[in-house]
Amino acid sequence: MIAGKPIATTVKLAKGSQLLHPDTRADVAKAVFALFHNDKPGALAYARKSTRREPENAATWLGLARIQVGVGQSAQARVSYARAKALDSQLPRTPFPP
């Protein structure tokens, strides 16, 4: 859906998702779009914003962990995944990142 599109278009899509999803989901979508466009600081900022908004939501921590892997922060990703795992015992026990 975003491949080959200019950054302005994908950011517009992410902002538009706020109409369809709660703010936290929109932040996660913005983080993914930012990472896709190699905006590592932006991706991390959006992902961290989602964990601040919903610190008890395992999905936000898992999203942050995946973004951290994407920007090369494996050690921080393990910490975020551990937080997600503490909130959701159904997540796999496998080491993260793989």
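Predicted model: local features only at pLDDT ≥ 70, side-chain atom pairs only at ≥ 80, totals over all residues.

V28 counts as partly exposed because its relative accessibility is 28%, a value between the 20% that limits buried residues and the 50% above which residues are exposed. V28 lies in helix α2. A45 is 17 residues away from V28 in sequence, and the C-alpha atoms of the two are 10.0 Å apart in space.

Which residues of α2 are buried? They are T24, A26, D27, K30, A31, F33 and A34.

One of these buried residues, D27, takes part in a salt bridge. D27 is buried because its relative accessible area is 1%, where the cut-off is under 20%. Its partner in the salt bridge is R53, with the closest N and O atoms 2.4 Å apart. D27 belongs to helix α2 and R53 to helix α3, so the pair ties together parts that are 26 residues apart in sequence. R53 is partly exposed, with a relative accessible area of 36%. If neighbours within four places in sequence are left aside, D27 is in contact with Y46, K49, S50 and R53.

How many salt bridges does a search of the whole structure find? It finds two. Side chains of opposite charge can pair when their charged atoms come close. Besides the bridge between D27 and R53, there is a salt bridge between the side chains of R83 and E56, at 3.1 Å from N to O. This pair links distant parts of the chain, with R83 in helix α5 and E56 in the loop between α3 and α4, 27 residues apart. R83 is partly exposed at a relative accessible area of 29%. E56 counts as exposed because its relative accessibility is 59%, and the cut-off for exposed is over 50%.

Next comes the end of α2. Just after this helix, N38 takes a positive phi of about 60 degrees, although N38 is not a glycine. Most residues other than glycine have a negative phi. N38 lies in the loop between α2 and α3. Is N38 buried or exposed? At 58% relative accessibility, N38 counts as exposed.

At the start of α4, a side-chain oxygen of N57 comes to within 2.8 Å of the backbone nitrogen of A59. The buried residues of α4 are A58, T60, W61, L62, G63, L64, A65, I67 and Q68. These buried residues pack against α2, α3 and α5. After α4 comes G72, with a positive phi near 85 degrees.

The nonpolar interior is the next topic. In soluble globular proteins, nonpolar side chains tend to be buried together. The largest nonpolar core of this model has 17 residues, and I67, Y81 and A84 touch the most other members. Two or more residues of this core come from each of α2, α3 (40-53), α4 (58-70) and α5 (74-87). The largest share, six residues, is given by α4. Y81 touches L62, A65, L91, P92, T94 and F96, when residues up to four places away in sequence are not counted.

Last comes the chain as a whole. It has five helices and zero strands, and its pattern along the sequence is α-α-α-α-α. Of its 98 residues, 35% count as buried. The accessible surface comes to about 6000 Å², and 59% of this belongs to carbon and sulfur atoms. Among contacts with a separation of 6 or more, 38% are between residues 24 or more positions apart.

Technical notes: Residues numbered from 1 in each chain as written. Heavy atoms only, no water. Buried < 20%, exposed > 50% of the residue type's maximum accessible area, 1.4 Å probe, protein only. Helix = DSSP H or I, 4+ residues; strand = E, 2+ residues; numbered from the N terminus. Core = buried A, V, L, I, M, F, W, Y, C linked by side-chain atoms within 4.5 Å. Contact = heavy atoms within 4.5 Å. Areas by Shrake-Rupley, 256 points an atom, 1.4 Å probe, with all protein chains shown as cover. Salt bridge = Lys/Arg side-chain N within 4 Å of Asp/Glu carboxyl O. Polar contact = N/O pair within 3.5 Å; in protein donor to acceptor, adjacent residues only side chain to side chain.
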